[in-house]
Amino acid sequence: LQGFYSGIEKMIATQRGYLLTGKDEYFSRFQVIDQEITKSMRATADLMHSDPAQHGRMQRMQAMQQELRRLLETRMVERQKGRPLSEVVKDLDRIK
């Protein structure tokens, strides 16, 4: 789980870097981190398959990670389209 939380923190930090700078390398890094987290969570879920309770918890965590990714990525796309930063981040506290 530590790796999961660390990955989520990196995703959020990378998204913020992109929003502040507009540099594409942040967007690319965000996608790499997301792929790493997704791969790791799938592997962990596969290991927990024989324990329905644990597997269910992992599936809920996967759903939360996907929801967070959609929110962060939507912000980056909106910023890419030229939407003002103040509008893009108005709900920033929602993801803490």
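Reader: What makes the span of H1 close to the expected one?
Author: This is a predicted model. In it, H1 has 20 residues and reaches 28 Å from its first C-alpha to its last. The expected span is 1.5 Å times one less than the number of residues. For H1 that expectation is 28 Å, so the span is close to it.

Reader: Why is H1 called roughly parallel to H3?
Author: Start with the geometry. H1 (residues 2-21) and H3 (residues 52-80) pack at an angle of about 10°. Angles under 35 degrees count as roughly parallel. Therefore H1 is roughly parallel to H3. Their axes lie 9 Å apart.

Reader: Which residues of H1 and H3 meet?
Author: From H1, they are Phe 4, Ile 8, Met 11, Ile 12, Gln 15, Tyr 18 and Leu 19. From H3, they include Met 61, Gln 65, Leu 68, Arg 69 and Leu 72. The residues of this contact divide into 10 nonpolar, three polar and three charged.

Reader: Which residues of H1 are buried, and what do they pack against?
Author: Among the buried residues of H1 are Phe 4, Gly 7, Ile 8, Met 11 and Ile 12. The buried residues of H1 pack against H2 (24-47), H3 and H4 (85-88).

Reader: What do the buried residues of H3 pack against?
Author: They pack against H1, H2 and H4. Buried residues of H3 include His 55, Met 61, Gln 65, Leu 68 and Arg 75.

Reader: Why does Asp 34 count as buried?
Author: Asp 34 is found in helix H2. Buried means under 20% relative accessible area. Asp 34 has 10% relative accessibility, so it counts as buried.

Reader: How do you know that the side chains of Asp 34 and Gln 65 make a polar contact?
Author: A polar contact needs a pair of N or O atoms within 3.5 Å, one able to donate a hydrogen and the other to accept it. The contact joining the side chains of Asp 34 and Gln 65 is 2.7 Å.

Reader: Which residues is Asp 34 in contact with, leaving aside neighbours within four places in sequence?
Author: Met 11, Gln 65 and Arg 69.

Reader: What follows H1 and H3?
Author: Just after H1, Gly 22 takes a positive phi of about 75°. H3 is followed by Gly 82, with a positive phi near 100°.

Methods
Residues are numbered from 1 along each chain as its sequence is written. This is a predicted model: local features need pLDDT of at least 70, side-chain atom pairs count only at pLDDT 80 or more; totals for chains, interfaces and linings use all residues. Side-chain values use heavy atoms; hydrogens and water are left out. Axes are lines fitted to C-alpha atoms, for helices over the stretch in contact, and angles run from 0 to 180 degrees between N-to-C directions. Helices (H or I, at least four residues) and strands (E, at least two) are DSSP runs, numbered from the N terminus. Angles under 35 degrees count as roughly parallel, over 145 as roughly antiparallel, 65 to 115 as roughly perpendicular and the rest as oblique. Contact means heavy atoms within 4.5 Å. Ala, Val, Leu, Ile, Met, Phe, Trp, Tyr, Cys and Pro count as nonpolar, Asp, Glu, Lys and Arg as charged, and the others, Gly among them, as polar. Buried means under 20% relative accessible area, exposed over 50%, partly exposed in between (1.4 Å probe, protein chains only).
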